Amino acid sequence: MARRYTAQFASGGRYGSAVVPAHQKRHPAISLWPARGEELILELHIHSQFSYDSLLTPEKILKVAKYNGLNGTAITDHETIKGGLLAQRVNRDSGFAVIVGSEVRTDVGDIIGLFLHQEIKSRNYLEVIDEIRDQGGW
Ligand SMILES: [Zn+2]
């Protein structure tokens with residue numbers, strides 16, 4: 001049995017839905033989780049100043065996300081979790097989720113890892129997935 005929830009992805013105004021398998025409990029890093037029928041609005045892919053293609057500070061990302069009514073954001077800088085870690089440190093709102101992530105370039109394409117604690121070292125597709133899972137990430 002799977003639980004369905006919908007999430008509004010702020011990037012490009014797209015909407016998506018995801019199925020959470022029944023055995024998949026909410027991730028412990030997220031203190032808020034939507035009750036049945038409620039919507040959790042998250043931005044799951046944004047770069048900060050720790051990426052070569054962004055000038056946004058983590059503080060600015062949080063400010064804009066909250067202003068726009070989001071419940072949380074995942075900071076997914078290229079090849080590093082530094083932006084997410086800094087955003088987690090400066091987040092003063094316990095009702096706003098900051099997810100530490102990274103966008104990793106692999107031999108066959110980019111992979112986004114969420115709920116990370118350590119930098120991803122490999123650039124091999126399957127090894128990157130293993131590294132994400134080994135640290136409890138999605
Ligand atoms: Zn990206």
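Predicted model: local features only at pLDDT ≥ 70, side-chain atom pairs only at ≥ 80, totals over all residues.
**Entry 1**

Which residues of α3 are buried? I noted Val128, Glu131 and Ile132, in a helix that runs over residues 125-134. Looking down the axis of α3, I saw that these buried residues fall within an arc of 100 degrees, so they line one face of the helix. A reminder to myself: an α-helix has 3.6 residues a turn, so residues three or four places apart point the same way.

Next I asked what covers the buried residues of α3. The cover includes the strands β5 (97-106) and β6 (109-114). Just after α3, I came upon glycine 136, whose phi is positive, at about 80 degrees.

**Entry 2: helix α1**

I moved on to α1, residues 58-67, and wrote down its buried residues: Pro58, Ile61, Leu62 and Ala65. They cover an arc of only 95 degrees around the axis, which puts them on the same side of α1. Which exposed residues sit on the face turned away from that buried side? They are Lys60, Lys63 and Tyr67.

I then checked what the buried residues of α1 pack against, and found β3 (40-46), β4 and α2. Just after α1 comes glycine 69, with a positive phi of about 85 degrees.

**Entry 3: stepping back**

Time for the whole chain. I counted three helices and six strands. Along the sequence they follow the pattern β-β-β-α-β-α-β-β-α. Of the 138 residues in the protein, 27% are buried. I also looked at contacts between residues at least 6 apart in sequence, and 48% of these join residues at least 24 apart.

**Entry 4: the core**

How many residues does the largest nonpolar core have? I found 20, and those with the most contacts inside it are Ile61, Ala74, Ile75, Ala87, Ile99, Val100 and Leu116. The elements giving two or more residues to this core are β3, α1, β4, α2, β5 and α3. Strand β5 gives the most, with five residues. My background note here: in soluble globular proteins, nonpolar side chains tend to be buried together.

I searched for residues other than glycine with a positive phi. Glutamate 79 has a phi near 60 degrees. I located glutamate 79 in the loop between β4 (72-78) and α2 (82-90). Is glutamate 79 exposed, partly exposed or buried? With 15 C-beta neighbours inside 10 Å, glutamate 79 counts as partly exposed.

Phenylalanine 115 is not a glycine either, and its phi is positive at about 60 degrees. This residue lies in the loop between β6 and α3. I counted 18 C-beta neighbours inside 10 Å for phenylalanine 115, so it counts as partly exposed. Being buried would take 20 or more.

**Entry 5: glycine 109**

My last stop was glycine 109, in strand β6. How many other C-beta atoms lie within 10 Å of glycine 109? There are 8, so glycine 109 is exposed, as the cut-off for that is 12 or fewer. Finally, I checked glycine 109 against asparagine 124, 15 residues apart along the chain, and their C-alpha atoms are separated by 9.6 Å.

Note on methods:
Residues numbered from 1 in each chain as written. Helix = DSSP H or I, 4+ residues; strand = E, 2+ residues; numbered from the N terminus. Arc of directions from axis to C-beta. Contact = placed C-beta atoms within 7 Å. Core = buried A, V, L, I, M, F, W, Y, C linked by C-beta atoms within 7 Å.
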